Amino acid sequence: MLVQAVLFDIDDTLINLAGAQHIAFRTQLAAQCGDGVSSHPAFDVAAEAFVHDPKNFYNAYINGKMSFAEQRLARVGDAMRILELDGQPAEELWVVGYEDVVSSNWAPFEDVSPLLQALQARGIPYGAATNNVTDYQRLKLEQVGLAFDVVIGTDVTGKPKPDASMFLEGARQLGSRIENTLMIGDDVINDGLGARDAGLISLLVDRQDTLHAPDQVLTVGSLDDVMQLPRLWSS
């Protein structure tokens, strides 16, 4: 068998974080600016900017350049500028209140459980490598019914993906050879290139058919397709 163990990214690979973020953004922006804000013609653009963070405020946080609260407020502020809203994000709403709303809407994708069951049936261990702190991400997994024994967060190695250290530590904790460890994620750079360059088997799940996979990085449209890739599994 080529694959001896599997590492997963968590956010938007296992758990539909973007969906929860859209709900929380709409809820908290209405709390600050009124229900009518969602009818603004640029609302969808602002929501996408907040969720997908094109200015990389979250990356600034994981690289130690901003606090968690600062990156959250920066993303909200950017969205408010798109909507031409006056004032600043209300910190209580966007740090504490937002967290309550977004966490209540975390949910796994429907294709996650079948894949985990298939791995368990083959006796293949799996874990997670995630660009957030370990305890927070472990709690997230537990809350949606996906308790993992191995979770490698940024606080474990001190360096976020795409640095090789998280992938190598994940393989070590799973007891797998690097070249026989499959990494499944949704981010071309952090997951796809990071895992490939660290020597793992690299695979991206592209549910929206929007990713352009680099050389030597596999893609699937759903986690349901992973076990159907013959190059990964022996008979």
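Helix α9 (residues 164–174) packs against helix α10 (residues 188–198) at an angle of about 70 degrees, and their axes are 9 Å apart. That makes α9 roughly perpendicular to α10. Angles of 65 to 115 degrees count as roughly perpendicular, those under 35 as roughly parallel, those over 145 as roughly antiparallel, and the rest as oblique. Axes are lines fitted to C-alpha atoms, for helices over the stretch in contact, and angles run from 0 to 180 degrees between N-to-C directions. Helices (H or I, at least four residues) and strands (E, at least two) are DSSP runs, numbered from the N terminus.

This is a predicted model: local features need pLDDT of at least 70, side-chain atom pairs count only at pLDDT 80 or more, and totals for chains, interfaces and linings use all residues. Residues are numbered from 1 along each chain as its sequence is written, and side-chain values use heavy atoms, with hydrogens and water left out.

**Two helix pairs**

The crossing of α9 and α10 is right-handed. A crossing is right-handed if the near helix is turned clockwise from the far one by less than a right angle, and left-handed if anticlockwise. From α9, Ala164, Phe167 and Leu168 make the contact; from α10 come Asn190, Asp191, Gly194, Ala195 and Ala198. Contact means heavy atoms within 4.5 Å. By class, this contact of α9 with α10 has 5 nonpolar, 2 polar and 1 charged residues. Ala, Val, Leu, Ile, Met, Phe, Trp, Tyr, Cys and Pro count as nonpolar, Asp, Glu, Lys and Arg as charged, and the others, Gly among them, as polar.

Now the second pair. Helix α2 (residues 43–52) and helix α4 (residues 68–82) pack at about 160 degrees, with axes 9 Å apart. They are therefore roughly antiparallel to each other. This crossing, too, is right-handed. Val45, Ala46, Ala49, Phe50 and Val51 of α2 meet Arg72, Arg75, Val76, Asp78, Ala79 and Ile82 of α4. The contact of α2 with α4 divides into 8 nonpolar, no polar and 3 charged residues.

**Cores**

The largest nonpolar core has 53 residues, and Phe8, Leu119 and Phe148 have the most contacts inside it. Such a core is a set of buried Ala, Val, Leu, Ile, Met, Phe, Trp, Tyr and Cys residues joined through side-chain atoms within 4.5 Å. Helix α1 (residues 17–33) gives the most to this core, with 6 residues. Apart from it lies another core, of 12 residues, among them Met166, Phe167, Ala195 and Leu200.

**Single residues**

Four residues can be compared by relative accessibility. Buried means under 20% relative accessible area, exposed over 50%, and partly exposed in between (1.4 Å probe, protein chains only).

| Residue | Relative accessibility | Class |
|---|---|---|
| Trp233 | 8% | buried |
| Asn105 | 27% | partly exposed |
| Glu84 | 69% | exposed |
| Gln216 | 70% | exposed |

Asn105 sits in the loop between α5 (91–104) and α6 (112–122). Asn105 touches Ala20 and Ile23, not counting residues up to four places away in sequence. The C-alpha atoms of Asn105 and Ile23 are separated by 7.8 Å, though the two are 82 residues apart along the chain.

Glu84 lies in the loop between α4 and α5. Its phi is near 55 degrees, a positive value in a residue other than glycine. Gln216, in the loop between β5 (201–205) and β6, has a positive phi of about 65 degrees although it is not a glycine.

Lys161 and Pro162 are joined by a cis peptide bond, with omega about 15 degrees. Pro162 is in the loop between α8 (154–157) and α9.
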